[in-house]
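User: Hi, could you walk me through this structure with a few questions and answers?

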Amino acid sequence: MNDFPFLSVLTAAPAVGGLVVALLPNSRPTLAKALSLGWSLVVLVGTITMYTAFKPGGDRFQFHESYRWIPSWDARLTFAVDGIALVMLLLIAVLVPVVMLASWHDTDGYGAKAGEDRHSAAPVGVVPARSASAYFSLLLFLESTMLGVFSAQDIFLFYVFFEIMLVPMYFLIGSYGGQRRQYAAVKFFLYSLVGGLFMLVAVIGLWVLGGHTFDWQKLVEADFTTGTERWLFLGFFIAFAIKAPFFPFHTWLPDAGGAAPAGSAALLVGVLDKVGTFGILRYCLPLFPNASRYFAPLALTLALVGVIYGALLAIGQNDLKRLVAYTSIAHFGFIGIGIFAFTTQSGTGAVLYMVNHGLATGLLFLVVGMLAARRGSAAVSDFGGAGKLVPVLAGVFLLAGLASLALPGTSPFVSEFLVLVGTFTVNKTVAVVATVGVVLAAGYVLWMIQRTTHGTVNPALAEVEGMKRDLSLREGIVVAPLIALILGLGVYPKPVLDVIDPAVRATLSDTGSTDPAPTHPAPTADAVSKESGK
Amino acid sequence: MGSNVHFAAATGWLSTFWLLIAIPLASAAALLLLGRRADRWGHWLGVTSVAASFGLAVSYFFALRGVDERSAELRLFDFIDVGGLKVDIGLLLDPLSVVFVLLVTGVGALIHAYAVGYMAHDPGRRRFFAYFNLFVAAMLLLVLGNNYVMLYVGWEGVGLASYLLIAFWYAKPAAATAGKKAFLMNRVGDAGFVIAIFLMFATLGSVNFDDVSNGVGALATGTATVLGLLLLLGACGKSGQFPLQTWLPDAMEGPTPVSALIHAATMVTAGVYLIARSHPIFDAAPDAQTAVICVGAATLLIGAIIGCAKDDIKRILAYSTVSQIGYMFLAVGLGGVAYALGLIHLLAHGFFKAGLFLGAGSVMHSMNDQTDIRRFGGLWKPMKITWVTTGLGYLALIGIPPLSGFFTKEPIIGAAFDHAGWLGAVVGGAALLGAGLTAFYMTRLFVLTFHGPRRWTPDVGQPHESPPVMTVPLIALALGSLAAGALMMTSVVDWLTPVFGEHAESSEHWLITGATMAVTLTGVGLALVLFRKGTETEEQPAGILVTAARRNLYADAVNETIFEMPGKYLTRALVFLDNRGIDGLVNGLAAAVGGGSGRLRRLQTGYVRSYAMSILAGAVLVVVAMLAVTLG
Amino acid sequence: MSVSYYVVLAAALFTIGAVGVLIRRNAIVLFMCIELMLNAANLTLVTFSRINGTLDGQIMAFFVMVVAAAEVVVGLAIIMTIFRTRRSANVDEANLLKY
């Protein structure tokens, strides 16, 4: 089973599906949707099969494939995944069908005809229906590029996927988004492109100085002078810091997240941005270990500022989607702290955080999208007392919010705890200040919940036709797998931790880091009982 | 420090004690998932699950008596195993946790039954029982966890349940705000708790109770003190102690059974449990113990003083709870034998305060949800059972022998005076004064509610006694507060010996007993003189102290000025900075590029000949440059 | 027979052409000036080809002639169209393609 070329097939499959869907006539929207959903489910099955075939204790990189591509540059189509990439692949494969189902009526337009989820009272007026086949094929193309970027093991291939990924997302935001979508799409594109150019310079530098190859394995062993290593590190780091995004490169995210359709926003924040933190783990740390250590204080500071800053700004937002986007900036701060603390716990926690954040924030975005689709607006002030009108939806919203604030029992708690406990062992100040961010998280989530679902019912809200319908069956199927994963991994994170942990340890050993030993290790219980036995 | 803690693995019947948590949790999940289908019978499922847990708890209690080490540890599965950090989903049944389990499930089952009647007309009754069961499960996890992370998970779980239940009537803005406030203030405390866990791992390499207990002796005193203070911060948040006490009275916006179970009998005492459970840390850190004593003494006075000035029956009881937990903190801060004293007071308090709250609920039930004691009066006649049971709770609380409060509170006051140095005299005096104030405000509450002239609002018809499903728990709790004291004095201290170690027999305090009784009777007498004939139904102008007490000693105002307002302005300033500053910089760059291009395109005049001119100029430039290179 | 005669002649032709392009407004004249410049270049190419004894320059000159012929075809067609619509062959009047 291990010989099956999982990675190349899984990367190519959604693109093929996307091509087929794109060729469907516009008059058959349901066929396009059903075909896309079915195809993404097939990809999910394939990914799960690969996940089970992965041996957690085995080689660091598995499912290795390599094909001839551009021999003169020694660039090859090399695919391989470690545990970190593997869990991200699974996250993508899970999120895409969910997002597709959640976006089922996004292209139908409001007020055109009465339908299952169309609301004649949408105050923004009639929105014309848009091409479903284009939308869903874009989602499939996006899935393809996302799968590719996480499975690439060749730096040039990674760079190509890194940039191509922008294209479908640009169209998803720019053509299907809400207000100011074009501004947001252009901003998103330019930010990412500028970051990508920094990386391109570093990639070329790496090729020139690292022995004229793009092969990751060979480049890891290359030696650079201190100055060169730092410049190359910065090239990659800036690209990833913009992508993630870290403070102060974050301002594109609230615009993009706020303007994108909810499903695309979930993918954008849930997966696309993780390429940044993933890139730091896969490229910055192993390729430039000394520079990583040199710049760690800077990175930790940026991440820490992001934690507090994102949380405070989230409290001050009046748009639900922008609010969620700002919470993500705080969460990316936690991930950054976990990575640059260089301990097993914090690193594993950071990777787990990437998964959990995809689940929790993805859920939050989708639920916000459901609320906004009913109300025709995502402004907090347009809600109020929604709990009385749509109790089940409000309950799911609360659950998503609680997961976002990392309540124990939900999976984000495990990751946040690991990040902070690992960080504390090496840098107490950072961990303690970040814990303040945990308190602030409760603030923005509860304040959001209170202003939207609690209190007396907003009279304008009660008149909206859509608010008379609680969670539909389709929406229930959308949220159920995410909730199950959030709660399941919150109690039993072991299956994921076992995959992540060896990969993180290998990455950290590339940087030459070791965990600090406890200062006063407690005698083990066995030793004590032996002692008392004597 | 020679402590040598080892827990025996659970065997036989005891190895099934995870069921204690699983049953209420399963019930909560079923009630939430089944939705309206469970509306008709859901509440009975809720009651049954907690009662089943109580039955199991009793059986485990007896099973535990048969185990020599008086402990049973159950490691279910790995929760986290990363690097050196190993956290099990592990449970521990020992004398300390069994006491709590019995209290939580026993009182919990009674209050669940009561709530069937109390919530009978509420359309959200099923949801209420789901949350209530969730609370019981989380609380049991809190007291049964075998490591600090499990304790923390339960700790946050009860916080969540508390939030959900305070904000149960979420359409009421006050309830929604109170729920949020409770959660936030708890989170402040939790931050301290969780940092304490980090510190344990960083220094001791483990978060299990046994490892921490065994290893804490090796720590520097400074580290142990920091650890103790961080845990104290967590405990203060959960138990409504100074300076995080203001959420607890606001929490009375929740339904009365919630106030009785969560905000009187069980959850708010979790802080006491935390300190008692961490006693090896506090034993190693005398400064932290002093801090606990000071917090306890300060809070018991704050609670009692504010309690005297309030007119809302539930808020008086809430401040009374704050004050009584202050006594418990005082006791566990004193250390040694006083650990057990604090826990006994906790148990007794669980009974009589739950009874008092349920009595208050019964009164409100028949008075159209009126909570203002100035609009009660003369209720003893139509509500005989409520009157008697509340009366027993009241006498138990103020410490009239032979009710339980007498046996539990008076030794704490004695132990406080026993504490060395001037601190002992100060906190002892505070505790004594607190006893007098307690007697005063409780007498005021009781007399104004059940006696004196009727001051009912016109919409109240004929008050009636509550249905049996509500009065039976009242009677049971009243019997508990009657009998518990004596029973506990004899056996609970011995029962807890494996946890806290042997202790010297405490000396007799005839003098202090006498003084306590005198102060208490003075408080009762004063209140009788003042309120025997009822009171005005409107708020009267009052002196500085009373006004301050009515405003909760300005604690809310302080929070608002120091945290809320600056926070609000900071947030606004940052939003502005982000939009105009950081984003402004980026957009400014874009605008500059755009503007520059706008200027440059003016060169594109449309005249062919000017283009030709520039081409020529360019060619000349190139030629000149080439000549310069060749010749120069 | 000095090289300089040819080169000076070519330079003179080129200058006449260049000045003509810059100062005249009639499109046809402009075109003839451009041809003048091209042929000045051709003259130089052929001269150096002859002096160096290689054929490269002459071949290059043929290329230039072909390009010039092609250019005249396209250019005259454009001028004809402009003249038809505007009744004028003044290049300064055809200035719509600007900022």
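User: Which way does H4(A) pass H5(A), in a left-handed or a right-handed crossing?

Analyst: Helices here are DSSP runs of H or I with at least four residues, numbered from the N terminus. A crossing counts as left-handed if the near helix is turned anticlockwise from the far one by less than a right angle, and as right-handed if clockwise. For H4(A) and H5(A), the crossing is left-handed.

User: Before we go on, what kind of model is this, and how is it numbered?

Analyst: It's a predicted model, where local features need pLDDT of at least 70, side-chain atom pairs count only at pLDDT 80 or more, and totals for chains, interfaces and linings use all residues. Residues are numbered from 1 along each chain as its sequence is written, while chains are lettered from A and ligands numbered from 1 in the order in which they are written.

User: How do H1(B) and H4(B) run, roughly parallel or roughly antiparallel?

Analyst: H1(B) covers residues 19–34 and H4(B) residues 125–144; they pack at about 155 degrees with axes 8 Å apart. Axes are lines fitted to C-alpha atoms, for helices over the stretch in contact, and angles run from 0 to 180 degrees between N-to-C directions. Angles under 35 degrees are roughly parallel, over 145 roughly antiparallel, 65 to 115 roughly perpendicular and the rest oblique. So H1(B) and H4(B) are roughly antiparallel.

User: Where on H21(B) do the buried residues sit?

Analyst: Buried means 20 or more other C-beta atoms within 10 Å of a residue's own, exposed means 12 or fewer, and partly exposed is in between, with C-beta atoms placed from the backbone. Among the buried residues of H21(B) are Ile512(B), Val519(B) and Phe531(B). Going by the directions from the helix axis to the C-beta atoms, the buried residues of H21(B) fall within an arc of 130 degrees, so they line one face of the helix.

User: Which residues are exposed on the other side of H21(B)?

Analyst: The buried residues of H21(B) pack against H16, H17 and H18 of chain B. On the other side, the exposed ones are Trp510(B), Leu511(B), Gly514(B) and Val529(B).

User: Which helix gives the most to the side of chain B that touches chain A?

Analyst: Two residues are in contact if their C-beta atoms, placed from the backbone, lie within 7 Å. By that rule, 49 residues of chain B are in contact with 52 residues of chain A. With 15 residues, the biggest giver is H6(B).

Technical notes:
Helix = DSSP H or I, 4+ residues; strand = E, 2+ residues; numbered from the N terminus.
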